[in-house]
Amino acid sequence: MAKPKVAFYWCASCGGCEEAVVDLNEDLLKVADAVDIVLWPVALDFKKKDVEALRDGEIAVSFINGAVRLEEQEKMVKLLRGKSGLVVAFGSCAHMGGIPGLGNFWTRDTIFQRVYKEVPSVENPEGIVPQEKTGIGIGELTLPEFYDTVKTLDQTIPVDYYLPGCPPPPDLIMNAVNAILTGKLPEKGAVLAPEKALCDTCPRAERKPEKLSIKEIKRPYEVKLDPEKCFLEQGVICLGPATRSGCGETCIRANMPCRGCFGPVDGIVDQGAKGLSMIASILGLEGEDKMTEEDVKKLINGLVDPAGTFYRFSLPASLLTRRRME
Amino acid sequence: MTMRGQPIRVSELDTDFKREVIAREADCDITACFSCATCTAGCPIYEVYPQHDPRKIARMVNLGMRERALSSPYIWYCSDCWICEQRCPQNVKFSSVWDVLKDIAAKEGYPPPVSINEDMCSGCGICVASCPYAAIELRIQNGKRLAHLVTALCRGCGVCGAACPSAIISVNLFEDEQLFSQIEAPVA
Amino acid sequence: MKKITIDPITRLEGHGKIEIFLNDDGDVDKAYLQIPELRGFEKFCEGRPAEEMPRITTMICGVCPTAHHMASTKALDDLFKVEPTSTAKKIRELMYNAFQAEDHILHFFFLGGPDFVVGPMAPAGERNILGVIAKVGLDVGGKVIEMRKRLRNVLRIIGGKPIMPSCGLPGGVSKAITEEERKTIIDAAEYAVEFCKFALGLFDDVVLKNKDYVDLVVGDIYKHRTYYMGLVDGNNKVNFYDGQIRVVDPNGKEFAKFKGRNYLDHIREHVEPWTYVRFSYLKNVGWKGFVDGEESGIFRVAPLARLNAADGMATPLAQEAYERMYEVLGGKPVHNTLAFHWARLIEALYASERVLELARDPELTSPDIVNLPTETPKEGIGVVEAPRGTLFHHYKTDERGILTEVNLIVATQNNAASICMSIEKAAKSLIKKGEVSDGILNMIEMAFRAYDPCLACATHSLPGRMPLEVNVYNSEGDLVRRLRRDE
């Protein structure tokens with residue numbers, strides 16, 4: 001029987017998801033044996049023509065990582081959707097927009113202005129910025145269009161499953177691959193990771209106090225981080241309660257608070273809003289009645305960059321989507 | 001209990017009920033009510049859920065329809081906007097009436113509209129911290145800490161539902177879908 | 001005018017493409033490497049708290065996140081004017097060298113090395129890790145995986161996970177190392193040192209004993225006389241984590257030596273409309289176009305450049321290997337681009353030895369891992385040597401430490417102009433009278449592959465196919481010929 005065809009593709013990506021696949025180590029060789037990899041731009045003969053030549057649905061599954069930021073990426077994922085039976089949004093960027101999604105606080109022009117004109121090391125008196133078409137006398141050079149707004153994969157094409165994480169950890173990747181190969185997949189639209197929030201598996205959960213209350217918000221460099229205590233108990237913002245588990249709490253074990261890369265659990269439409277609401281619910285609970293206006297203001301001002309903190313990985317997927325363009 | 005549409009059986013009425021309510025909270029002399037419905041006309045919750053009707057509940061209390069009043073899920077939805085008591089020509093502090101009814105209902109085991117899906121609970125404890133009535137506690141089950149609702153203490157305020165980062169606390173009639181449709185309706 | 005398009009090339013962040021323009025004789029007139037990728041970190045990091053930058057800038061590159069993490073953490077030290085504890089510095093440098101070693105080995109065996117081990121003109125299907133394994137044995141493949149696994153486990157111990165680590169804080173690190181963990185690190189480092197010695201031996205057997213390869217290495221196709229830049233310690237030896245930036249001219253003479261904080265006195269960037277990448281050059285020499293030589297401000301970074309810019313290696317085995325390379329290649333500086341591969345293995349050996357040194361340091365397991373900042377933040381610059389070159393992170397903040405300005409010069413940018421030159425030179429040398437072939441295309445690719453451009457994605461060809469299509473158009477723009485490399 002013919003091996004199932006598998007494709008890997010990357011959009012506005014950093015390559016970490018590709019590295020995550022390589023981190024399967026020996027297991028990767030087993031996977032490569034069991035499937036027929038037909039597309040992997042970084043590794044194989046990637047041509048749009050080859051993908052176009054395939055029949056619709058001939059690719060069993062396409063794993064697509066990276067957010068959609070350029071015209072070229074949009075075209076390619078639409079092509080792959082047509083040729084694939086299943087599409088899996090691989091990694092935080094494809095799932096929710098990821099870190100590149102922070103670009104949605106700005107526009108193409110403001111980004112170009114900074115990168116090509118304003119940075120102190122650039123010498124660009126003519127104010128040159130990259131162009132979609134550049135004539136060079138002997139011919140023409142083209143670049144793909146850079147959009148104003150970063151989109152998630154499912155805002156561009158229908159997506160069947162999501163593998164969350166920045167990047168998805170090796171065990172979740174193997175589980176997903178095995179599920180696909182054996183046909184034991186959950187209902188479409190599922191996130192292929194555990195269903196509960198991070199606190200469920202956090203090594204610090206047992207020692208949490210009965211009632212959490214943040215007296216004063218502390219930024220991670222303002223205190224010596226206690227490696228045993230819940231971060232929220234220490235006053236350090238941790239998005240664990242608002243984030244799906246499955247990562248193995250790798251950041252927490254390195255004694256750093258969670259920043260939400262796995263996205264929310266099912267049923268939450270906006271991770272950022274939930275994160276904000278969750279923190280707001282436990283601010284200043286102890287001695288609340290004795291707090292003056294000043295005290296309240298001071299407490300809340302301790303929360304710096306709420307938008308960038310709560311929407312660190314999920315801005316394009318959120319209800320906000322992006323900052324309003326002037 | 002007299003159900004909707006049925007004639008009221010006087011034998012089933014508890015004429016002490018109104019006094020019981022007044023005894024809890026002197027400000028709500030519910031017997032002063034003459035059913036003008038000014039309260040209902042101003043109630044924003046009534047706009048969305050007509051069964052949350054201050055005038056109707058006041059009448060039930062005054063008639064002594066104890067069980068019917070206490071078992072109604074709609075006694076839990078007062079938003080504390082105080083429009084009813086500001087406008088009442090008889091100075092009935094109706095917001096306090098809701099509080100008293102909720103209090104009695106909770107103590108007598110009528111279920112508040114809040115439920116926690118313990119199977120999906122991650123034990124984060126945010127709800128425990130945010131509940132103003134200390135009605136949620138973390139109980140250990142199979143080595144995991146899970147949130148558990150103490151219904152006798154719950155007043156159905158819904159703060160837990162808003163705060164829960166896993167969306168596993170249901171506050172009946174205040175689910176996301178319902179809220180979204182309430183937002184969409186006036187702006188459509 | 002004919003145009004040859006190579007789209008995409010392998011091992012670049014996002015997508016890269018090469019456009020080659022032929023004149024009427026069929027010789028190469030000009031060649032361009034275009035990088036059609038930009039995400040805008042320098043803008044969207046504005047408004048973020050500075051202490052989050054080590055965890056945001058890791059997402060610039062998933063192959064070298066540790067490089068950004070470290071440059072960023074050092075920028076925070078400078079921003080808050082806080083000195084890390086002695087133990088923290090050791091933990092950071094250990095982690096950093098572990099990362100350098102595994103990343104360099106990844107490149108040699110999965111990416112650049114196959115061209116040598118299997119041969120630049122070998123069938124495309126064999127020019128990959130599987131071809132390498134077929135040539136040198138399954139044992140080798142297993143060792144490569146094992147070495148990287150163990151070193152990446154060290155990264156996991158210190159930073160939580162090897163891809164997107166998080167442990168950097170201003171003034172230190174977030175987590176201490178236990179005695180148990182130290183044992184694991186020593187074990188990994190010992191394995192790595194042995195493996196790197198073996199890798200250099202392999203390079204010797206497979207490349208240096210093969211006349212054709214040596215001709216390629218020392219020949220003219222892949223050669224540029226440029227300036228070279230790298231970080232050096234107090235003894236002018238290569239150091240990846242800290243030191244001063246040293247630049248030597250094409251004759252090997254020291255041209256400049258400066259602290260990272262003063263980078264703006266020395267480096268500028270040039271913009272072209274046909275690519276999203278900016279090109280670095282030496283301010284005090286000037287931008288003269290895509291040319292090499294003393295008069296052009298173009299400089300190179302990464303392994304060969306670092307070895308050229310330094311006076312030696314700080315560990316004994318690597319020093320031996322360094323001396324040997326320069327002996328064989330005829331003295332310093334070496335301008336032959338393909339020698340980057342050799343220098344890369346020497347650096348991997350140094351990095352492994354350095355990990356072992358630091359792992360044995362008694363102070364490594366001290367609990368004193370962070371000095372809390374007390375100063376008001378304002379501006380900070382952090383510089384490290386990423387595997388692919390000198391990496392600069394420059395932050396300005398308000399008094400609350402919220403970023404107002406960010407400037408990043410990311411390793412490969414410093415090689416960007418040289419890569420363009422290398423590709424054009426290789427194309428001009430190899431394509432004559434419009435004749436192109438699969439082997440020629442690969443040899444053009446070798447011109448950029450030696451630099452291990454940033455985001456060199458680790459997922460190289462397992463089924464062994466190289467991603468190339470060459471379209472030849474006539475002057476009317478009609479497609480005249482198509483060459484494809486599938487198998």
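Arg360(C) and Glu190(C) form a salt bridge in which the closest N and O atoms are 3.1 Å apart. Arg360(C) belongs to the loop between α12 (339-359) and β12 (379-386) of chain C, while Glu190(C) belongs to helix α8 (residues 179-208) of that chain, so the pair ties together parts that are 170 residues apart in sequence. Arg360(C) is partly exposed, because its relative accessibility is 49%. Glu190(C), at 36%, also counts as partly exposed. The model examined here is a predicted one, and the distances and areas below are computed from it.

Over all chains, the structure holds 73 salt bridges. Side chains of opposite charge can pair when their charged atoms come close. One such pair is formed by Asp204(C) and Lys209(C), with the closest N and O atoms 3.7 Å apart. Within chain A, Arg55(A) and Glu58(A) meet through their side chains in a salt bridge of 3.6 Å, N to O. Arg55(A) counts as exposed, since its relative accessibility is 59%.

Two pairs of chains touch, and the most contacts are between chains A and C. Here 103 residues of chain C are in contact with 91 residues of chain A. The size of an interface is often given as the accessible area lost when the parts come together. For chain C and chain A the buried area is about 8,100 Å², with 61% of it given by carbon and sulfur atoms. Nine salt bridges are found across this interface, and one salt bridge in the model pairs the side chains of Glu405(C) and Arg114(A) at 3.7 Å, N to O. There are also 25 residue pairs in polar contact across the interface, both residues being at pLDDT 80 or more. On the side of chain C that touches chain A, helix α7 (residues 138-159) of chain C gives the most, with six residues. By class, that side has 49 nonpolar, 20 polar and 34 charged residues.

Chain B also meets chain A: 22 residues of chain B are in contact with 27 residues of chain A. Together these chains bury about 1,900 Å², of which 55% is on carbon and sulfur atoms. One salt bridge is found across the interface; Asp200(A) and Lys144(B) form a salt bridge, with their closest N and O atoms 3.3 Å apart. Nine residue pairs are in polar contact across this interface, both at pLDDT 80 or more. At least two residues of the side of chain B that touches chain A come from each of α8 (126-130), β3 (144-149), α9 (159-163) and α10 (176-187) of chain B. The largest share, four residues, is supplied by α8(B). This side of chain B comprises 13 nonpolar, five polar and four charged residues. Chain B does not touch chain C, and their nearest C-alpha atoms are 22 Å apart.

In soluble globular proteins, nonpolar side chains tend to be buried together. In this model the largest nonpolar core has 254 residues, and those with the most contacts inside it are Leu232(A), Ile20(C), Phe109(C) and Ile346(C). Beyond its neighbours within four places in sequence, Leu232(A) is in contact with residues including Leu212(A), Ile214(A), Met278(A) and Ile126(B). Another core, of 31 residues, lies apart from the largest one, and among its members are Phe17(B), Ala58(B), Tyr74(B) and Leu173(B).

Two further residues of chain C are buried. His107(C) lies in helix α4 of chain C and is buried, because its relative accessibility is 2%. The side chains of His107(C) and Arg344(C) are joined by a polar contact of 3.2 Å. Thr85(C) is found in the loop between α3 (65-79) and α4 (86-112) of chain C, and its relative accessible area of 4% makes Thr85(C) buried. Although Thr85(C) and Val173(C) are 88 residues apart in sequence, their C-alpha atoms are 9.0 Å apart in space. Leaving aside neighbours within four places in sequence, Thr85(C) is in contact with Gly171(C), Asp368(C), Ile369(C), Val370(C) and Asn371(C).

Terms used
Residues numbered from 1 in each chain as written. Chains lettered and ligands numbered in written order. Predicted model: local features only at pLDDT ≥ 70, side-chain atom pairs only at ≥ 80, totals over all residues. Heavy atoms only, no water. Contact = heavy atoms within 4.5 Å. Buried area = accessible area lost by both parts, 1.4 Å probe. Salt bridge = Lys/Arg side-chain N within 4 Å of Asp/Glu carboxyl O. Polar contact = N/O pair within 3.5 Å; in protein donor to acceptor, adjacent residues only side chain to side chain. Nonpolar A, V, L, I, M, F, W, Y, C, P; charged D, E, K, R; others polar. Core = buried A, V, L, I, M, F, W, Y, C linked by side-chain atoms within 4.5 Å. Buried < 20%, exposed > 50% of the residue type's maximum accessible area, 1.4 Å probe, protein only.
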